[in-house]
Amino acid sequence: MSSSTAASGIDPIPEAAPLSLCAREPHVPADRLVAEMVPPPRFDSVRFATYLPDPNQPSQTEAVRVLSEFAAGLGGAHAVGGAKRGLFGLGRSRAPKAPAGPRGVYLDGGYGVGKTHLLASLWHATPAEPSLKAFGTFVELTNLVGALGFQKTVQTLSGHRLLCIDEFELDDPGDTVLVSTLLGKLVEAGVALAATSNTLPGKLGEGRFAAADFLREIQGLSAHFRPLRIDGEDYRHRGLPEAPAPFTDEQVTKAAYATAGASLDDFPHLLDHLARVHPSRYGALTGDLRAVCLTDVQPVKDQSTALRLVVLADRLYDREVPVLASGRPFDTLFSEEMLNGGYRKKYFRAISRLTALARDAKGLVET
């Protein structure tokens with residue numbers, strides 16, 4: 001019997017016991033981190049043709065045009081020689097320096113305007129073998145540096161035609177210096193860059209740390225990109241009914257037992273467990289689940305926990321894992337202070353994505 005079932009006093013249903021995220025502590029080898037730098041399952045089949053621009057937002061149509069041209073411009077040989085390299089860049093020859101000027105695009109806009117869809121479409125449209133293109137979130141990129149070391153990361157990615165970075169955010173000064181240096185090395189090697197964020201590159205770090213003290217690094221990052229603004233409303237809720245209200249503990253528990261591949265966890269216990277798992281492993285933590293069932297959802301008490309929950313919500317959304325929950329609604333997870341602070345756009349994105357996943361999970365109870 002799971003801990004959440006026991007805590008609620010609900011008798012176990014005579015079916016296979018659900019999984020528990022709290023019982024998982026995934027470890028991802030360094031070579032797997034590199035191999036898995038591809039668009040996640042939700043965005044595996046997206047293309048520019050499947051992006052549906054809002055007719056009232058011309059910037060969305062313009063973004064498709066600009067990115068399509070950008071992808072076409074990445075055809076042919078690698079910008080500094082075109083030599084295909086091994087996993088860790090072994091056997092590469094010295095090559096001339098890449099041309100000066102921005103060698104990247106930076107998709108800036110609110111949550112839910114389809115930035116990740118467009119970024120993944122760019123990855124798919126770029127005429128290069130998958131081994132010469134990399135796609136990952138900002139936290140996955142920084143974790144790759146931690147796993148391989150800085151020099152090996154540079155060697156590994158320098159042979160790529162394109163590096164796509166989703167959810168680009170600078171949460172601390174160390175990341176600012178690290179990423180600024182890394183991207184500078186990759187641009188020198190001829191790697192094209194593309195990134196998404198809810199913050200313009202010149203404003204990264206604002207409201208989070210003393211960004212003025214790291215202005216040179218932030219300006220250096222900004223110089224690598226051509227900003228591309230995408231306006232619009234959150235497509236996940238455009239014209240759709242409100243997300244379902246939370247269910248009871250009994251409903252969630254019964255659904256977990258009745259759904260093959262579902263997990264069942266007490267929400268406060270899960271938050272404690274997330275503190276013991278590096279956020280870059282949350283994808284591995286949730287990768288094979290068919291549904292996530294949570295009891296006793298409560299508002300998050302501190303910012304560190306809230307930011308970990310944001311990453312978990314992103315990975316569940318990427319993998320299209322429905323979330324069935326009891327307790328408080330997802331739009332009450334974060335305090336007013338959090339929603340008005342430097343990470344507000346991250347929290348609104350998490351609420352938007354969890355709401356969409358809660359809508360997807362409604363049928364688990366109805367069935």
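In what order do the five strands of the open sheet run, and with which pairing? The order is 2-3-4-1-5, and the pairing is parallel. Two strands count as paired if DSSP finds at least two bridges between them. Helices (H or I, at least four residues) and strands (E, at least two) are DSSP runs, numbered from the N terminus. The model is predicted: local features need pLDDT of at least 70, side-chain atom pairs count only at pLDDT 80 or more, and totals for chains, interfaces and linings use all residues. Residues are numbered from 1 along each chain as its sequence is written, and side-chain values use heavy atoms, with hydrogens and water left out.

Strand 2 (133-137) and strand 5 form the edges of this sheet, each pairing on one side only. On average, neighbouring strands are turned by 15° against each other, direction ignored. Strand 1 (residues 104-109) pairs with strand 5 in the parallel sense over five bridges. Within that pairing, Val-105 stands opposite Arg-226 in strand 5. Helix 5 (residues 138-148) packs on the sheet and touches strand 2 and strand 3. Contact here means heavy atoms within 4.5 Å. The direction of helix 5 makes about 110° with that of strand 2. Axes are lines fitted to C-alpha atoms, for helices over the stretch in contact, and angles run from 0 to 180 degrees between N-to-C directions.

A further parallel pairing joins strand 6 and strand 7 (residues 291-297) over five bridges. Ser-263 stands opposite Val-292 in strand 7. Five of the five residues of strand 6 (residues 262-266) are buried, so strand 6 is largely enclosed by the rest of the structure. Buried means under 20% relative accessible area, exposed over 50%, and partly exposed in between (1.4 Å probe, protein chains only). Ala-262, Leu-264 and Asp-266 point one way from strand 6, whereas Ser-263 and Asp-265 point the other way. Helix 4 (residues 115-125) is also largely enclosed, because ten of its eleven residues are buried. Among them are Lys-115, His-117, Trp-123 and His-124.

The largest nonpolar core has 64 residues, of which Leu-118, Leu-122, Phe-334 and Tyr-347 touch the most other members. Helix 12 (residues 303-318) gives the most to this core, with nine residues. Apart from it lies another core of 25 residues, including Phe-138, Leu-148, Leu-157 and Val-191. A nonpolar core is a set of buried Ala, Val, Leu, Ile, Met, Phe, Trp, Tyr and Cys residues joined through side-chain atoms within 4.5 Å.

The structure holds six aromatic pairs. Rings of Phe, Tyr and Trp (its six-membered ring) pair if their centres lie within 6.5 Å; planes under 30 degrees apart count as stacked, over 60 as edge-to-face and the rest as tilted. Phe-168 and Phe-225 are edge-to-face, because their ring centres lie 6.3 Å apart with the planes at 80°. This pair ties together parts that are 57 residues apart in sequence. Phe-168 and Phe-225 are buried. Phe-334 and Tyr-347 are stacked, at 4.6 Å centre to centre and 25° between the planes. Phe-334 is buried at 4% relative accessibility, and Tyr-347 is buried at 0%. Ring pairs also link Tyr-106, Phe-138, Phe-168 and Phe-225 into a cluster.

Two charged ends sit over rings: Arg-42 over Tyr-317, 3.8 Å from the ring centre, and Lys-133 over Trp-123, 4.2 Å from the ring centre. The criterion is NZ of Lys or CZ of Arg within 6 Å of the ring centre and within 35 degrees of the ring normal.
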